[in-house]
Amino acid sequence: MTTPAPASLAAPLAAPLAASLMAAALALPGLGALPARGEGPPAGPTVSVKYLDYLDFEDDRRRVRIRAPALYALAPLGDADALEATVVRDSVSGASPLPIFPLPAVAGVPAGPSGLSVPVADRRHSVDLRGTHYFERASIGLSGSWSSEQDWVSRAVGVEGRLSSDDNNTTLALGAGLALDDIGSTLDPTVEERRRTTNVLVGVTQVLSPVDLVQVNLTMGRGHGFFADVYRAADTRPSSRRQWAGLVRYNHYVTAVGGALHLDYRTYRDDWGVRAHTLEAAWYQPLDGGWLLRPRVRYHSQDAARFYSDGPDDRPNLDEALSTDYRLAAFGALGAGLKVVKEVTDTLSVDAAFDWYGQRSGWHLTGGGTGSLAAFDAQVVTIGLSWTY
Amino acid sequence: MPGGRDAGGDVFVLPFTAMGGACEIRLMAGGRAARQTARAAVAEVARIERLYSRYRPDSVTSRLNASAGGEAVEVDGETAALLDYADTCWRQSGGAFDITSGVLRRAWDFRRPAPPAPADVDRLLSRVGWDKVEWRRPFLRLPLPGMEIDFGGIGKEYAADRATARCLEHGAGHALVNLGGDVRAAGPRPDGSPWVIGIRHPRRPDGLVADVALLEGALATSGDYERFILADGRRYGHLLDPRTGWPPVNGLRAASVAAPLCIVAGSLASMAMLAGEDGGKRLLAESGLAHLWVDARGTVGGSLAGADHHDPFDPGET
């Protein structure tokens, strides 16, 4: 006969002997809670190819399309080092040199080069390199990136360190970065502007139980130089920007279904007056036969910059800050997406994802964003192929 | 590597040998993720074996034992936590569970058909006793030459817990780690049903005393059927009482405990074996945990034995 053993991690142990042994055992590293992934280089090399197709609409009029093939490679070097490289080459085509919104994932965060105004057609190339050295309970990574398009060159370097506690349940991350941007204009060859941005990051990841994990990250950024949009007739912005961003993440693994919930809350503010809140929920569900489904939803709301204006330019002094860039307006945004991953063999997987993003002034938290803002929608299709030894 | 994938594609079993026994990682998952998870779990067991095996000259255990009679040695955080756990076991068992008792093996040779000379045992007893050890985290000093620490009583169970943590960390919520009969489950089977684990009969190597259904947590067994000496009509089991240097008189033949952690299940089972027959049964009953015992007469009892208390393989003995 088979007798059930009611042994549950959650069951209180009433008897003093068992309770004191249990208390002592929970002090052992990794037994009290699910240890965070131990530091160490990846086991084998990975190569993946992705193709991204981005299309956006303003008031249902098709506007800008970006096609971006990307190549990613990761190689462990010896027992304690790893090198990663990403190469992206994107091409932008559109109806007019209107500003395009950055890709949905970066709403509320300062736009990268391709998020700025774009001419009718452009190509961008970018290369990111990262080297990581692993110690027993720590790692240090150095990264460098370079990206170039006709009217913009960006260079960035960064350093990030991670330190785990003896039991691997607490991980501290510290990072710092520097970016230098050279900004030109395809319409005016005399434009030669620069911007310098620095940022620091502090993060803590804490394992709470075998199935619960919390992460808190704080990022501070400071930029000096040219921030305006060279393609806008009236666009004057302060020559500095201070930014603060916070992330709180909660991951919960549901043993009964073998899936995991990821909840993220992000808050952002800067000294231009932009305040933003973003909430995202994603579910990771592995299924039999090597499938993984990841549906996700996101809500974002932001306040306008102090100098955002959708009215006529009636500044007495043209040095006064003013912008009509709707990324600095007040609005709310919704996003939803589904990603499907299928392991074809032990070493090869394919993935496909569809994301939709919509932005309306009426979706602002208060219900009232910038009134004159056009409805903006974007869709992103990504397909990928990944090979891991 | 050994290990494979059955026709359904969603069971992955990786058998391996570690800590002197047959071991297995069983994952109700398939593909690359399962292979990597199992590999990580086996690597974790190997790591602990490397650190604490007394047979490896470069292990923490060997380093500590080489320092006996000399200066204190500073230990790492993981070793310190294990020593703290061993300290708790020693206190809670009234000194019966003692990681310094391994030195008694020099007198007890379980390949010989006779017990040792009492004088030999007595001589070794002077080097046994956790109370003689100076343990001030993170410094450990074995004050007498020839003293030894042995993590054998908790290392395998700790490895089972750590390997399970590795599985969970890799997202494997339906996994079973079996290290030579000490078992820990990471979640139930995918359909929510329990894992069924057979407990070996103490005297019939291929017979089972009971099947235990384990939804999560661990099941560990301590028995005297692995190593023993039969002499003068008496059976001397390999679990030695550090206070006397001899196996407990009239001890249980086997004890199994189900607990949230394998290390707790294993040390409780060992304590029951060291407490004598009545003491062992009482300790198990008072633990409040699901358990099973087999006594010297072959009677099977405890909450996991269910209503069927007699030994189905030895009906004449009860």
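Predicted model: local features only at pLDDT ≥ 70, side-chain atom pairs only at ≥ 80, totals over all residues.
Staying with chain B for a moment. It has 318 residues, and 59% of them count as buried. If you take its contacts between residues at least 6 apart in sequence, 57% join residues at least 24 apart. As for the surface, chain B exposes about 12,500 Å², with carbon and sulfur atoms supplying 51% of that.

Let me pick out one residue, Val133(B). You'll find Val133(B) in the loop between α4 (118-125) and β5 (134-136). So is Val133(B) buried or exposed? Its relative accessible area is 9%, and under 20% is what we call buried, so Val133(B) is buried. Beyond its neighbours within four places in sequence, Val133(B) touches Thr100(B), Leu140(B), Arg141(B), Leu142(B), Pro143(B) and Met147(B).

Now over to where the two chains meet. Helix α1 of chain A, residues 16-26, packs with helix α3 of chain B, residues 77-92, at an angle of about 165 degrees, and their axes are 9 Å apart. Anything over 145 counts as roughly antiparallel, so that is what α1(A) is to α3(B). The crossing is right-handed.

Who's in contact there? From α1(A) we have Leu17(A), Ser20(A), Leu21(A), Ala24(A) and Ala25(A), and they meet Tyr85(B), Thr88(B), Cys89(B) and Gln92(B) from α3(B). By class, that contact has 6 nonpolar residues, 3 polar and no charged ones.

Notes:
Residues numbered from 1 in each chain as written. Chains lettered and ligands numbered in written order. Heavy atoms only, no water. Axes fitted to C-alpha atoms, helices over the stretch in contact; angles between N-to-C directions. Helix = DSSP H or I, 4+ residues; strand = E, 2+ residues; numbered from the N terminus. Parallel < 35°, antiparallel > 145°, perpendicular 65-115°, else oblique. Left-handed = near helix turned anticlockwise from the far one by under 90°. Contact = heavy atoms within 4.5 Å. Nonpolar A, V, L, I, M, F, W, Y, C, P; charged D, E, K, R; others polar. Buried < 20%, exposed > 50% of the residue type's maximum accessible area, 1.4 Å probe, protein only. Areas by Shrake-Rupley, 256 points an atom, 1.4 Å probe, with all protein chains shown as cover.
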